[in-house]
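Come and look along with me.

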Amino acid sequence: MTDRRYEGKVVLVTGAAAGIGRGVAERLATEGATLALGDVQGDRLEALARDLEAQHGIRALAIRYDAGDADSCRSLVDQTIAAFGKLDVLMNIAGILAWGHFTETDDATWQRLMRINLDGVFYVTRHAMPHLIATKGAIINTSSTSGLTGHPYYVAYGATKGALIMFSKALAVEYVKQGVRVNVICPGAIETEITKDVPHPEGIDNELWHRIFPKAGVSGTSQDMAAAYAYLASEEARYVTGAVLSVDGGMTAG
Ligand SMILES: NC(=O)c1ccc[n+]([C@@H]2O[C@H](COP(=O)([O-])OP(=O)(O)OC[C@H]3O[C@@H](n4cnc5c(N)ncnc54)[C@H](O)[C@@H]3O)[C@@H](O)[C@H]2O)c1
């Protein structure tokens, strides 16, 4: 592991209370980052921030926010700047999952996915961009293998994740001359809580469903993901922008 690669850098991580976001926060703390951590689970986030400060001698600020609310997204960035005075890296990781038969996708589910997975990233990123231009910073967005390839029963979720890929690439080009790098990561099957409260769809075609399972038969971990986020946002990736990085154990390889 590269030592203290993030010393002096302010990194905003959304979705940091659990799963991949938490793994990223823990990894960046070991590398010396100053962390602004955003999540809707305020208490859990606060406990994580205190732990990371105690264990790694860094500064970590827990900010409760709701990705589905524009004002809350704006306030997340404002609180980061008020606390630390600048922003070097934005990692958009917060997201939710819903799956099921396409015709049974109700309006509320569709809109909730769009609001949290897509609108939330738009609001946070738009508000953060002037600060990232000032530092020639970096953005990492979080898509999915469902944004790259057609996953049955994931139509609405896949639509949000597919959109995030083009959102990231277009941003990368628009801001390339201002020195802001934008990349997007597509996790495969990673062991987290994202499926915890999402009931399995009933009456599905198992042959189709199993197509989306990892080829090697094992899932990845939040630590596997954190290594990729930590690389892409670091100086070592200074020539990498507009990239779509799959971290999926070969799920989308063929
Ligand atoms: N786990 C996987 O297999 C996998 C695969 C592909 C993509 N992803 C993506 O990775 C990201 C992280 O997922 P994860 O697996 O770590 O899930 P997770 O459920 O473990 O963590 C997601 C975090 O986002 C937060 N969050 C949810 N709604 C929010 C809201 N409205 N406002 C603020 N925070 C909110 C949750 O509280 C949680 O801490 C998501 O964008 C997800 O779509 C995950």
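**Around the ligand**

I began by sorting the shell around the ligand by residue type: 15 residues are nonpolar, 9 are polar and 4 are charged. A note to myself before going on: this is a predicted model.

Next I looked up which of the 28 residues around the ligand come nearest, and I found Ile20, Asp39, Ala67, Tyr157 and Thr192.

A polar atom of the Ile20 backbone is 2.7 Å from an oxygen atom of the ligand. For Asp39 I looked at the side chain, where a polar atom lies 2.6 Å from a ligand oxygen. Tyr157 also uses its side chain: an N or O atom there is 2.6 Å from an oxygen atom of the ligand.

How much of the ligand does the protein bury? I found that the ligand taken alone exposes 820 Å², and that the protein buries 92% of that.

I also wanted to know which elements give two or more residues to the shell, and these are helix H1 (19-30) and helix H5 (155-174).

**A look at Asp88**

I turned to Asp88 and found it in the loop between helix H3 (70-84) and strand E4 (89-92).

Is Asp88 buried or exposed? Its relative accessible area is 7%, and buried means under 20%, so I wrote down "buried".

I followed the Asp88 side chain and saw that it reaches the backbone nitrogen of Val10 at 2.7 Å. Leaving out residues up to four places away in sequence, I listed what Asp88 touches: Gly8, Lys9, Val10, Leu132, Thr135, Gly137 and Ala138.

Note on methods:
Residues numbered from 1 in each chain as written. Predicted model: local features only at pLDDT ≥ 70, side-chain atom pairs only at ≥ 80, totals over all residues. Heavy atoms only, no water. Near = heavy atom within 4 Å. Polar contact = N/O pair within 3.5 Å; in protein donor to acceptor, adjacent residues only side chain to side chain. Areas by Shrake-Rupley, 256 points an atom, 1.4 Å probe, with all protein chains shown as cover. Helix = DSSP H or I, 4+ residues; strand = E, 2+ residues; numbered from the N terminus. Nonpolar A, V, L, I, M, F, W, Y, C, P; charged D, E, K, R; others polar. Buried < 20%, exposed > 50% of the residue type's maximum accessible area, 1.4 Å probe, protein only. Contact = heavy atoms within 4.5 Å.
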